[in-house]
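Me: I have a model open here and would like to go through part of it with you. Can we start with how the strands line up?

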Amino acid sequence: MSIRVEVIHGDALAYPAEVLALKFAQSLFGVDKKVVALLEGNGVQVLSRLPAVGTTLLVNSAQAVAAPEVLLVGVVPLGRFDYQTIREFARSVLATLSAERPSLQHVAMTLHGVGFGLDETEAFRAEIAGVLDAVATNERPAGLTRVSIVENNAQSATRLTALLKSILPTNTVSDDQSRAETKLPSLGVARVSLGAVGHDSHQKPHVFVAMPFAEEYADRFHYGIQGAANAAGYLCERADLASFTGDVIAWVKDRIGSAALVVADLTAANPNVYLEVGYAWGRGVNTVLVVAQGDQLKFDVQTQRCLIFRSIHHLEELLTKELMALKVVAGG
């Protein structure tokens with residue numbers, strides 16, 4: 001049997017898979033928050049049964065969403081949510097459905113972790129690795145033929161589609177490697193290409209990006225900063241702080257303190273960005289300052305070296321050169 005793995009640009013709530021699988025990080029956020037509200041509104045009692053870490057809850061959606069059933073997988077709170085959690089989440093989804101819905105053919109998931117500070121590429125690779133782990137160990141529904149990662153943002157979907165092609169060129173993998181005539185990518189080869197993603201991701205150096213989490217900065221981050229950081233061998237992390245609950249400052253301090261360096265976009269003089277730069281300096285973390293041409297720097301940083309960029313492409317060029325140089329100096 002072959003299994004198609006795909007990225008779909010669309011709304012997970014309106015996507016007609018047989019099961020929509022979501023995480024529950026011990027509080028409700030984003031898509032899971034919307035889905036639970038819709039379920040409760042349609043008379044499906046979920047709030048009193050939300051799954052603890054390591055447990056799951058499978059419910060009939062009562063047409064609250066397009067998928068007939070919703071699976072919630074209990075994971076650790078967001079402050080501890082990491083790439084290994086994502087890999088285990090994806091494996092757990094298929095393992096649970098193997099027992100609960102062995103004849104299921106089509107399951108949908110969303111990408112996790114990106115809005116909460118994790119590198120998009122590493123998070124996606126970890127999720128695909130978890131899917132392939134379940135297939136390799138036969139912990140998946142016997143009837144499974146399709147796994148869809150549903151992404152609402154068109155540009156993110158395009159990036160993830162290209163990334164998936166580098167892992168599974170045909171978007172399809174065979175779980176029957178005994179058939180010599182199969183022309184599909186080897187499951188073993190695909191898993192090797194992912195390495196120990198998730199398991200060893202915490203050992204990889206990361207760049208913390210200090211910049212506003214706003215739509216107008218999205219392209220600047222993804223195409224001007226993230227690409228340069230990944231090319232230099234760094235995971236690239238930033239977070240939508242408005243999405244966090246609890247001690248946000250503690251999370252920021254932890255990620256800055258453990259970062260190999262901080263890249264700070266000083267355009268528009270966002271106070272949070274200046275605060276994060278100050279903390280990085282206090283911790284002795286290397287910082288790379290960038291600003292759009294024509295923008296006014298505050299007096300605090302006017303004497304500091306700053307990369308002045310004319311466009312997103314120019315930013316990528318400047319930052320790639322800078323990060324590569326810093327890596328050489330650091331002996332990396």
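Reply: A108 stands opposite S148 in β6, where strands are DSSP runs of E with at least two residues and helices are runs of H or I with at least four residues, both numbered from the N terminus. This is a predicted model, in which local features need pLDDT of at least 70 and side-chain atom pairs count only at pLDDT 80 or more, while totals for chains, interfaces and linings use all residues. Residues are numbered from 1 along each chain as its sequence is written, and side-chain values use heavy atoms, with hydrogens and water left out.

Me: How many bridges pair β5 with β6, and in which sense?
Reply: Strand β5 (residues 106-109) pairs with β6 over 4 bridges in the parallel sense, pairing being called when DSSP finds at least two bridges between two strands.

Me: What joins β1 to β6?
Reply: Strand β1 (residues 2-9) runs parallel to β6 and is joined to it by 6 bridges; H9 has E151 as its bridge partner in β6.

Me: Is β6 mostly covered or uncovered?
Reply: β6 (residues 146-151) is mostly covered, with 5 of its 6 residues buried, that is, under 20% relative accessible area with a 1.4 Å probe and protein chains only.

Me: Switching to helices, which residues of α3 meet α5?
Reply: R125, I128, A129, L132, D133, V135 and A136 in α3 meet α5 residues L187, A190, R191, S193 and L194, with contact taken as heavy atoms within 4.5 Å.

Definitions and conventions. Buried means under 20% relative accessible area, exposed over 50%, partly exposed in between (1.4 Å probe, protein chains only).
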